[in-house]
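Please look at the structure first.

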Amino acid sequence: MAKRNDLEITRVFDAPRKLVFKVWSEAKHLAQWWGPKGSEIEVKTLEFRPGGIFHYTMSFGGGKMWGKFVYREIVEPEKIVFASSFADEEGNSIRTSFIDPWPLEILNTVTFTESAGKTTLTIKGAPINATEEEYNKFEEMTASMQQGFGGTLDQLAEYLLKIKE
Amino acid sequence: MRRDVFQAIADPTRREILGMIAHKSLNINAVSENFDVSRAAIYKHMKILAECGLLEIKQQGRERFCEGRLEKLNEVSDWVEQYRQFWEARFDSLDNYLKELQSKKKKHGKKK
């Protein structure tokens, strides 16, 4: 499971699922934990519903950056699917110059499962391309096992290695 | 629009082209003959691949060849690694926050 290129990240939290889901869905909680170490998060907009956005600023060491989620699917308390990106003040997705390469937008699927009072959180990531058309193609690609691709990026990484051999 | 490696590999036809030219450079026409779609459509994909830095088109006499530049694909694995680090850090932060929240709750519980 702990393969280097596996793009599925799992962690068990010692807290009930209801609480873990809650801290993902409310602005006052997100402001407390979302954001890199040493940064301060300020939530500008949080519309926790499909199609809604989470638009926030991260401040650290005099610098300020904007980030954005667009929620695509929410199944309380099991699943959140959202596209994440860096943003400008108006909420447009932008590329950042200090992490390169980084896709413009990433589709993240977070699932919450509970067992014996503990919550297992799994996140899967996939880059989304500039246009909806290309996004659909990415979906198509992940659906097509024939091509050597599966639903997760580790398979993509494997494929990439394979054709590079 | 900026082209990047993620865009390059998003399309199945483009991935197939990459697979074909991974080990040897091929005449452009020879590549397009392998597909059912029009030659123009294949050229368009090659152009995108070239703009993304994954392919180079070289003129040799009267023929044009395309050559893979697959080292560019390392950017995808780099990104995968960065994404992992990013989320591991977020999960640490979430873990701390949940502990904090729950210890507060317990303290309040004991006060009564």
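In this predicted model, the 13 residues of H4(B) should span 18 Å at 1.5 Å a residue, and the end C-alpha atoms of H4(B) lie 18 Å apart, which agrees; the expected span is 1.5 Å times one less than the number of residues. Helices (H or I, at least four residues) and strands (E, at least two) are DSSP runs numbered from the N terminus.

Local features need pLDDT of at least 70 and side-chain atom pairs pLDDT 80 or more, while totals for chains, interfaces and linings use all residues. Side-chain values use heavy atoms, without hydrogens and water, residues are numbered from 1 along each chain as its sequence is written, and chains are lettered from A and ligands numbered from 1 in the order in which they are written.

| Class | Residues |
|---|---|
| Buried | Ile42(B), His45(B), Met46(B), Ile48(B), Leu49(B) |
| Exposed, on the face turned away from the buried side | Ala40(B), Lys44(B), Lys47(B) |

What covers them includes helix H1 (5–8), H2, helix H3 (28–32), strand E2 (55–60) and strand E3 (63–68) of chain B, where contact means heavy atoms within 4.5 Å. After H4(B) comes Gly53(B), with a positive phi near 85°.

How values were computed:
Buried means under 20% relative accessible area, exposed over 50%, partly exposed in between (1.4 Å probe, protein chains only).
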